[in-house]
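Subject: Handing over a structure

Hello,

Here is the structure I promised to pass on to you. Please have a look at it first, and then read on for what turned up.

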Amino acid sequence: MKYIVLLMDGMADYPVKELGDKTPMQAAKKPNIDSLFKKSVCGLVNNVPDNLSPGSDVANLSAMGYDPQKFYTGRSPLEAVSMGIDLKPTDIVFRCNVVTVTEDEENYEDKIILDHSADEITTKEAAILIEDVQKHFGNSFLTFYPGVSYRHALVWANGPESYELTPPHDILEKRIGDYLPKGESGKILGEMMKKSYEFLNNHPVNIERAKRGLKKANTIWIWGEGKKPSLESFYKLHGLKGSVISAVDLIKGIGICAGLESIDVEGATGNIHTNFEGKAKACVESIVSGADYCFVHMEAPDECGHRHEIENKVKSIELIDEKVVAYIVKELKEKNIDYRMLILPDHPTPLALRTHTRDAVPFMIYDSTNEENFDFDSFTEENAAKSGVFVEKGYEIMSMFVK
Ligand SMILES: [Zn+2]
């Protein structure tokens with residue numbers, strides 16, 4: 001038996017007026033997922049423990065079968081591992097976004113945060129900006145590392161341990177002065193953020209972007225602190241060897257820390273223009289070449305949720321159905337490979353809120369050897385709830401999934 005997880009980041013949602021009071025899962029035409037759903041076990045799973053924030057880090061750890069209460073040491077260290085940064089146990093790691101803030105207000109504090117991704121800036125452009133940030137602020141303690149698109153890292157050697165930092169995607173359209181880092185150690189971070197605007201707003205890269213009608217990446221935003229993680233190996237926990245396929249460093253980092261192989265797919269971007277076909281192909285190749293388990297992460301529904309792109313959120317689900325699910329099902333059937341497939345989001349990213357919530361999410365477990373039909377015909381939040389199955393501790397879903 002092979003095991004495939006399709007993690008559709010942020011897919012779950014609330015009913016949306018513009019969609020005729022349907023959720024994107026209800027509105028999307030997803031014949032492939034729905035035909036599997038008829039033969040699947042389903043329910044709701046709570047991926048976020050009460051005392052932790054509903055981040056993709058915590059929720060994806062759960063979905064991969066790790067108790068976040070035990071294993072979560074912060075988001076940025078997981079990303080840093082994926083970026084190949086060699087962390088020491090005394091390092092404090094932060095996520096450093098390049099974001100867009102308004103230009104009209106004189107005081108930095110009065111500016112409004114417009115986009116946590118600076119229009120999903122290209123990795124190439126962002127690398128030039130982060131190099132400049134490193135030139136201005138880097139020293140024997142502080143080092144900035146370029147990552148993918150708007151997602152970068154800051155490592156503070158022997159840095160202080162406690163901070164009050166805010167994720168930029170939680171404060172879109174808000175005045176940033178109310179959310180700048182607080183406290184003694186936060187002050188140093190806040191100062192760098194403020195000063196970065198002075199040389200980033202008129203940086204040649206940003207002038208060029210403005211000419212093309214794209215948002216400027218005109219300040220850095222530092223958040224998501226943590227220390228080097230130590231996950232038990234996935235093989236030791238679940239007895240399976242396998243791989244992880246994702247465009248985002250966070251998920252790759254969880255995979256690498258878990259001892260899974262992280263497979264890079266060309267053109268995997270983490271948004272709706274990603275190379276869905278490439279991911280599906282890589283998954284099948286991994287399984288055919290001997291992996292027992294493959295965790296395929298797709299970021300697009302989450303990004304659309306944050307960006308309040310209603311049509312695109314629906315479309316991203318349809319694209320995954322058409323280009324990922326259909327392909328994997330067809331290929332494995334042709335190759336006579338038995339498999340179980342777990343499909344779920346990590347957390348909801350409701351369009352109306354433009355941020356994550358901690359609500360339990362729908363899941364379905366399909367087994368290619370099962371011929372029995374169940375009651376429901378479409379994989380939706382509502383139908384999953386109606387099943388009455390509720391997995392209180394998200395990571396325990398592995399005991400339902402792996403037989
Ligand atoms: Zn997520």
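In which sense do strand S3 and S6 pair, and over how many bridges? Strand S3 (residues 92-101) pairs with S6 in the antiparallel sense, over 6 bridges. Two strands count as paired if DSSP finds at least two bridges between them, and helices (H or I, at least four residues) and strands (E, at least two) are DSSP runs, numbered from the N terminus.

Before going further, please note that this is a predicted model, in which local features need pLDDT of at least 70 and side-chain atom pairs count only at pLDDT 80 or more, while totals for chains, interfaces and linings use all residues. Residues are numbered from 1 along each chain as its sequence is written, and side-chain values use heavy atoms, with hydrogens and water left out.

Back to strand S6. In the hairpin of S5 and S6, 2 residues lie between the strands, and Ser149 takes a positive phi near 50°. Strand S6 (residues 151-156) is largely enclosed by the rest of the structure, because 6 of its 6 residues are buried. Here buried means under 20% relative accessible area, exposed over 50%, and partly exposed in between (1.4 Å probe, protein chains only). Arg151, Ala153 and Val155 cover one side of S6, and His152, Leu154 and Trp156 the other.

Next, the metal. The zinc ion is coordinated by Asp9 (OD), Asp9 (OD), Ser56 (OG), Asp346 (OD) and His347 (NE2), at 1.9 to 2.6 Å. Donors are N, O and S atoms within 2.8 Å of the metal (3.2 Å for Na, K and Ca); water is not among the atoms, so sites may look incomplete. Asp346 is buried at 1% relative accessibility, and His347 is buried at 0%.

What about the nonpolar residues? The largest nonpolar core has 43 residues, and Leu6, Ile328 and Met341 have the most contacts inside it. Such a core is a set of buried Ala, Val, Leu, Ile, Met, Phe, Trp, Tyr and Cys residues joined through side-chain atoms within 4.5 Å. Helix H13 (310-334) is one of the elements that supply at least two residues of this core, and H13 gives the largest share, 9 residues. A second, separate core of 37 residues includes Ile113, Leu165, Ile171 and Ile220.

As for charged pairs, the structure holds 27 salt bridges, each a side-chain nitrogen of Lys or Arg within 4 Å of a carboxyl oxygen of Asp or Glu. One of them joins Glu103 and Lys216 (3.2 Å, N to O), linking parts of the chain 113 residues apart. Glu103 is partly exposed at 40% relative accessibility, whereas Lys216 is buried at 9%. Asp115, Asp119, Glu120, Lys215, Arg307 and Glu309 are linked in a network of salt bridges.

Finally, the cysteines. With a disulfide taken as a pair of cysteine sulfur atoms within 2.5 Å, the count is 0 disulfides. Cys283 is in no disulfide, and its nearest cysteine sulfur, that of Cys294, is 3.8 Å away. Cys283 is buried at 1% relative accessibility.
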